[in-house]
Amino acid sequence: QVKFVKWALWYHGYGRRQLQRLPADGSAGSRELLLAFSWLLHSLGLLEQLLALNRLQTGDEAAVCSCEDELPNSQEGAAEAGPEGRVDVRYLQWLNGRLRLQWCSLHAQHQEQCKLLHKIHLFTSGSHVDQNLGHFSVTETDLIRQPENYKQLLQLLESEAMQLEAFLEWKQLEPVYWQWMETVLDNMAEEGNTSESQDAHVDKRRLPEVISCCPWADKLTGQMDRLGRDLMVLQEQLHQLVAQRKAAWWEKVAAREELQKERFSATARKIQESVDLKLRGLVSLGAPQKKEMHGSCRLVLRSKATASKVGFGGCVSQEAVLAVSAAEVIRELQVRGSSLQRELQQLRQQCRHRLGEVAEGLEGVICISP
């Protein structure tokens, strides 16, 4: 458990060495654990995530996200890093096929779930007390069929209410907690400074004792100091020499790569990328700014008449009551899908061009494009 906690904190970005040096039996390190817990509270929003995970969903909800992903940056970083070892292409093809199969089965199950939800919403239409909803959800329908389960639901709602009350109380007392953590940090910093000064004082105190009892210790200490200074000078010269050799080597490698590449194709590619960036900037400037949707929304069945009165479809998000129609989300996803498809075609063309360049450098090899 101690090893797992250390690994999990390191994985989330907590790189304090004092925590990693704690004993594996858990006999020490209470203040280090307190610091790590406070870091999780501040950096990850731990309490908010726990409340979101433990939230009781009484309605039929679906995740809606229209945020733009930074795919080009991640792809460029992966391309620059390169594979560490050789990977069999057939294994990658098998993984791709397995992923496609899992995706198709997940899509089919999601479609079946949507059909069943539509049946429940359609059959219970007009039965709900809230006219904005108009129909029951799956949980409410199950409570109607099995009324004895309402006690368990009531207990879950009371538990969630207690968690929300505790969270509100924590928000009121949170400034006091962070003031206390500042004092803990100051005390730990002072203890670290005093321990270092004590160690230095002990080292300085031991040396005169040795000198006083040994007449040749003064001469030996002077020789050691001179050797240490000479070693420092040699180390600096060595670092400078290594940096110069490394810079010269990278210049040679860059010059050789530039000679191997076709200058015309590289220049044309750069021009095309700059034009694409400018066009994207013009499109983003000319298009109206739309608020990106992100979060879970409650599914509400709307007819065309009620939808025209209300606005769009029914949706209850985490931030505020917001109406989003399914047709609008579908149109936005179709636009994103077409843009991603165009980007995929461009990447395929670049890969084919790169494979052609590699095949030209191989002797006795014929590359047939699929």
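This is a predicted model: local features need pLDDT of at least 70, side-chain atom pairs count only at pLDDT 80 or more; totals for chains, interfaces and linings use all residues.
## Helices and the model

A helix is here a DSSP run of H or I that is at least four residues in length, and helices are numbered from the N terminus.

Helix H1 spans residues 2–11, and within it Lys 6, Ala 8 and Leu 9 are buried. Viewed down the axis of H1, the buried residues fall within an arc of 165 degrees, so they line one face of the helix. The buried residues of H1 are covered by parts of the structure that include helix H2 (17–20) and helix H3 (30–43).

On the face of H1 that is turned away from this buried side, the exposed residues are Lys 3, Phe 4, Trp 10 and Tyr 11. Just after H1 comes Gly 13, which takes a positive phi of about 105 degrees.

Side chains of opposite charge can pair when their charged atoms come close. With a salt bridge taken as a side-chain nitrogen of Lys or Arg within 4 Å of a carboxyl oxygen of Asp or Glu, the count for this model comes to five.

One of these bridges is formed by the side chains of Arg 16 and Glu 32, at 2.7 Å from N to O. Because Arg 16 lies in the loop between H1 and H2 while Glu 32 belongs to helix H3, the pair ties together parts that are 16 residues apart in sequence. Arg 16 is partly exposed, with a relative accessible area of 28%, whereas Glu 32, at 8% relative accessibility, counts as buried.

## Other salt bridges

A salt bridge also links the side chains of Asp 88 and Arg 90, with 3.2 Å from N to O. Asp 88 counts as partly exposed, at 38% relative accessibility, and Arg 90, at 63%, counts as exposed.

In the salt bridge between the side chains of Arg 354 and Glu 357, the N to O distance is 3.2 Å. An α-helix has 3.6 residues a turn, so residues three or four places apart point the same way. Arg 354 and Glu 357 are three residues apart in helix H12 (residues 326–360), and they are therefore separated by about one helical turn. Glu 357 is partly exposed, with a relative accessibility of 22%. Elsewhere, salt bridges that share partners join Glu 48, Lys 171 and Glu 174 into one network.

Note on methods:
Residues are numbered from 1 along each chain as its sequence is written. Side-chain values use heavy atoms; hydrogens and water are left out. Buried means under 20% relative accessible area, exposed over 50%, partly exposed in between (1.4 Å probe, protein chains only). Helices (H or I, at least four residues) and strands (E, at least two) are DSSP runs, numbered from the N terminus. The arc is that of the directions from the helix axis to the C-beta atoms. Contact means heavy atoms within 4.5 Å.
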